[in-house]
Amino acid sequence: QVQLVESGGGLVQPGGSLRLSCAASGSISRINSMAWYRQAPGKEREWVARIFSGGNTNYADSAKGRFTISGDNAKNTAYLQMNSLKPEDTAIYHCNAYLWTPRSSGRDYWGNGTLVTVSS
């Protein structure tokens, strides 16, 4: 069984920074990519950033220039460094991984999320 566990959320003032972590554990054969999504109150879940196992990264326009996604393949862990945070970044941030296990072909897995609140 695969688990994705996020950490690092919290309350931060506008302009501040937070670093989120997502650790994937369990019977994992290979991870293709890991990503961060977020869901603000009353809004649909939106994609934020993705990192592929080879190191390539992609960002949503809202994240470009402020957020940096990184990963540690040896630890099956992804990070999201968030700088210059704005109140509109307030959301539950969910980790996503597209991976293979010994018993299943590639598919998406999700964490339960970590709450980020940007407020003065």
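User: Which residues lie nearest the centre of the largest pocket, and how many residues line this pocket?

Analyst: The lining of the largest pocket consists of 13 residues. Those nearest its centre are Ile 31, Phe 52, Ser 53, Asp 72 and Asn 73. The model is a predicted one, in which local features need pLDDT of at least 70 and side-chain atom pairs count only at pLDDT 80 or more, while totals for chains, interfaces and linings use all residues. Residues are numbered from 1 along each chain as its sequence is written, and side-chain values use heavy atoms, with hydrogens and water left out.

User: What makes a space a pocket, and what is the volume of the largest one?

Analyst: On a 1 Å grid over the protein atoms alone, a pocket is an open set of points with protein on both sides within 12 Å along at least five of seven lines, and a lining residue has an atom within 4 Å of a point. The volume is the space filled by probe spheres set on the points, which are joined across faces, edges and corners. For the largest pocket this volume is about 180 Å³.

User: Which strand gives the most residues to the lining of the largest pocket?

Analyst: Strand 4 does, with three residues. Strand 4, strand 5 and strand 7 each supply at least two residues of the lining. Strands are DSSP runs (E, at least two residues), numbered from the N terminus.

User: Which residues does Leu 4 touch?

Analyst: Beyond the residues up to four places away in sequence, Leu 4 touches several residues, including Cys 22, Ala 24, Cys 95, Tyr 109 and Trp 110. Contact means heavy atoms within 4.5 Å.

User: How do Gly 65 and Arg 66 count, as buried or exposed?

Analyst: Gly 65 has a relative accessible area of 84%, so it is exposed. Arg 66 has a relative accessibility of 11%, so it counts as buried. Gly 65 lies in the loop between strand 6 (57–59) and strand 7, and Arg 66 lies in the loop between strand 6 and strand 7. Among the contacts of Arg 66, leaving aside its neighbours within four places in sequence, are Gln 81, Met 82, Ser 84 and Asp 89.

User: What makes a set of residues a nonpolar core, and which members of the largest one touch the most other members?

Analyst: A nonpolar core is a set of buried Ala, Val, Leu, Ile, Met, Phe, Trp, Tyr and Cys residues joined through side-chain atoms within 4.5 Å. In the largest core, which has 30 residues, Met 34, Trp 36, Leu 80, Met 82 and Tyr 93 touch the most other members. The elements giving two or more residues to this core include strand 3 (18–25), strand 4 (30–39) and strand 8 (77–82). Strand 9 supplies the largest share, five residues. Met 82 touches, among others, Leu 18, Leu 20, Phe 67, Tyr 93 and Val 116, not counting residues up to four places away in sequence.

User: Why are Tyr 37 and Trp 110 called an aromatic pair, and of which kind?

Analyst: The structure holds two aromatic pairs. The ring centres of Tyr 37 and Trp 110 are 4.9 Å apart and the planes stand at 65 degrees, so this pair is edge-to-face. Rings of Phe, Tyr and Trp (its six-membered ring) pair if their centres lie within 6.5 Å; planes under 30 degrees apart count as stacked, over 60 as edge-to-face and the rest as tilted. Tyr 37 in strand 4 and Trp 110 in strand 10 (residues 104–110) are 73 residues apart, and the pair links distant parts of the chain. Tyr 37 is buried at a relative accessible area of 18%, whereas Trp 110, at 37%, is partly exposed.

User: How do you know the kind of the pair formed by Tyr 98 and Trp 100?

Analyst: The centres of these rings are 5.4 Å apart and the planes are at 90 degrees, so the pair is edge-to-face. Tyr 98 is partly exposed at 27% relative accessibility, and Trp 100 is partly exposed at 24%.

User: What makes Arg 19 a charge that sits over a ring?

Analyst: The charged end of Arg 19 is 4.1 Å from the centre of the ring of Tyr 79. A charge sits over a ring if NZ of Lys or CZ of Arg is within 6 Å of the ring centre and within 35 degrees of the ring normal. Arg 107 lies over the face of Tyr 109, at 3.8 Å from the ring centre.

Conventions: Buried < 20%, exposed > 50% of the residue type's maximum accessible area, 1.4 Å probe, protein only. Helix = DSSP H or I, 4+ residues; strand = E, 2+ residues; numbered from the N terminus. 1 Å grid on protein atoms, 1.4 Å probe; cavity = no way out; pocket = protein on both sides within 12 Å on 5 of 7 lines; lining within 4 Å.
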